Amino acid sequence: MPATFQSLGLLLEKVESTKKRLQIIDETANYLKTLDAEELEPAVNMMVGRAFPKYSQKTLDVSWAILQRILTQIAVFDWNMFREVMAKTGDIGSATKTVLEQSKGKRQTQLTQTPLTILEVRRALDVIAQTQGAGSRTKKERQIAVLLSQASPVEAKYLVKVFTGEMRTGLHEGLMEQSVARAFDIPLAKVQYAAMVLGDIGEVACKLKTQGVESLGKAGFCVFRPVKLMLAQTAQTVEEALSEQGGASAFEYKYDGARVQIHKQGPAVRVFSRRLTDVTESLPDIVEAVTQNISADSAIVEGEVIALGASGYPIAFQHLMRRFKRTKEIGELRTQIPLTLYLFDVLFLNGESTIAKPYTERRQLLAENAGKIALTSQILTADAAEAQAYLKEALSAGHEGLMAKKPDSPYTPGRRGKRWLKIKTVLEPLDLVITAAEYGYGRRKEWLSDYYLGARDPQTGEFWDVGKTFKGLTDAELTGLTVRLKEIAVSQQSHKIMVLPRIVVEVAYNEVQQSPKYKSRMALRFARITRIRDDKSPDEASTIGQVREIYERQFKTKGKLPEIGG
Ligand code: AMP
């Protein structure tokens, strides 16, 4: 019997109602055991809030505004009730379910129809993703309406969550990995490794079901399937970096640009952004540089792309983002904003993974295979004074600061660890998510220009406000954000418009203060937006724990009394 989408919804209802990790893993593992091989990948991905595998470039492109319109068409949808539930739960899926349950009977659902299966839902999502281009909107809306009108309230709840990417059940990627390990009774580390190289936990589950445990040992990177990025933690000083990394570090310029992961196989090259989106079409100059310089038959390399002005100094990040976003008529922009690539790592070379090799060895391999493409400026030293002078040099050349890398460390995909440290130069900016917005006053009254800023709770995926600001953005940015925020608006409380947590902004501030105003009990003082980080996804936003850590650190240094001598 094919598994129904209802069964997946009911499992997620159970998961959502418990906060106990072990119980979540148990329930999920038992459920996975009931699924067929071809159901596993779609089910696993939808359960963690993805319509398609992680590495897939397919997108649904369905805004909440569209879903709202469709729900109004297919059901007698009580928006007042919706807003009430939203205000209580902040969860559009749950609010949709409650309203649909109330409007039961009035919906135009055919009662005789057979229940939706997981595979049917995936097929429908595939069709929706493929519907693109001119005149596609109405078609797409019709497809979504057909799908939603076949759904029970519980199914609609989770379809809305898949469409908006807001799962919030507590079953995050890490727990899913544990559930897969439990379902197939194999060590977690094996599952994690396979998910890393195959780029998708759903695919791992499917492989386990069809080919057994042995198949995981043979799994290797697939060129053109982006690998999760290794990320950095923060160190306060070069001394701290040196002591964390065991005496000597590879210090490198930290360029204020955008990260790329470049895949090459024979003559074909594809470039992925930090969010693992395929940006090849936007960056023909990077593709050319790689084609002309990297002669290895297959390779996966990483680097930072920056835009240098005529003076040789980096130009503002927002211009660089224009390059990343433009996919057509690139010619002129390409001359206006020429890009420079600095490579810093290699993950795969001539058919073999290099991630387990020490960093110094990978860097050597990179140097041998990069042709004329520059590598990041680097010194290897154990001397804090030398590192400090190097930091000064990086800053005066207009770069962001320094990265310190542990010389003997492997590349660990998807991990933010101490093997890479970014050296803090000022109070580090936070990457926060806009959770709500208000219209401004006077000149700004047409713009949603006052923003509530949320930090991420990694346990639940919720965002907790830690501040509010109307500072830092240009008129053009305010206009653009107003349009985007309206598209993701979910509800309104007097003049405050709640939005889906989608837009990441980098926020500078002078201090983290204690505050009774927010649930987080913290508030940023003099918060100002320094840039819109469209290259970061909300699940990369700073966590509430990081904000608390900054709060506590600063509190310690402030609270300390000067030592009284003799
Ligand atoms: P974060 O993304 O906040 O973890 O900070 C690290 C980011 O700095 C990387 O993701 C890169 O985009 C960027 N970066 C700039 N220069 C370097 C470098 N030399 N090595 C690694 N990352 C760099």
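**The ligand and its surroundings**

Around the ligand there are 16 residues, and the closest of them are R259, R274, E304, K405 and K422. Please bear in mind that this is a predicted model.

Let us consider some individual contacts. A232 places a backbone N or O atom 3.4 Å from an oxygen atom of the ligand. From the side chain of R274, a polar atom lies 2.7 Å from an oxygen atom of the ligand. In the case of K422, an N or O atom of the side chain is 2.3 Å from a ligand oxygen atom.

How much of the ligand's accessible area does the protein cover? On its own the ligand has 490 Å² of accessible area, of which the protein covers 95%.

Which elements give two or more residues to the shell around the ligand? They are β2 (249-254), β9 (401-405) and β10 (416-423).

I now turn to a pair of helices. Helix α10 spans residues 173-184, and helix α12 spans residues 201-211. Their axes come within 10 Å and cross at roughly 5 degrees. Angles under 35 degrees count as roughly parallel, and α10 and α12 are therefore roughly parallel to each other.

Where do these helices meet? On the α10 side the residues are E173, M176, E177, V180 and F184, and they meet I201, A205, L208 and K209 of α12. The residues of this contact comprise six nonpolar and three charged, with no polar ones.

Thank you for your attention.

Methods:
Residues numbered from 1 in each chain as written. Predicted model: local features only at pLDDT ≥ 70, side-chain atom pairs only at ≥ 80, totals over all residues. Heavy atoms only, no water. Near = heavy atom within 4 Å. Polar contact = N/O pair within 3.5 Å; in protein donor to acceptor, adjacent residues only side chain to side chain. Areas by Shrake-Rupley, 256 points an atom, 1.4 Å probe, with all protein chains shown as cover. Helix = DSSP H or I, 4+ residues; strand = E, 2+ residues; numbered from the N terminus. Axes fitted to C-alpha atoms, helices over the stretch in contact; angles between N-to-C directions. Parallel < 35°, antiparallel > 145°, perpendicular 65-115°, else oblique. Contact = heavy atoms within 4.5 Å. Nonpolar A, V, L, I, M, F, W, Y, C, P; charged D, E, K, R; others polar.
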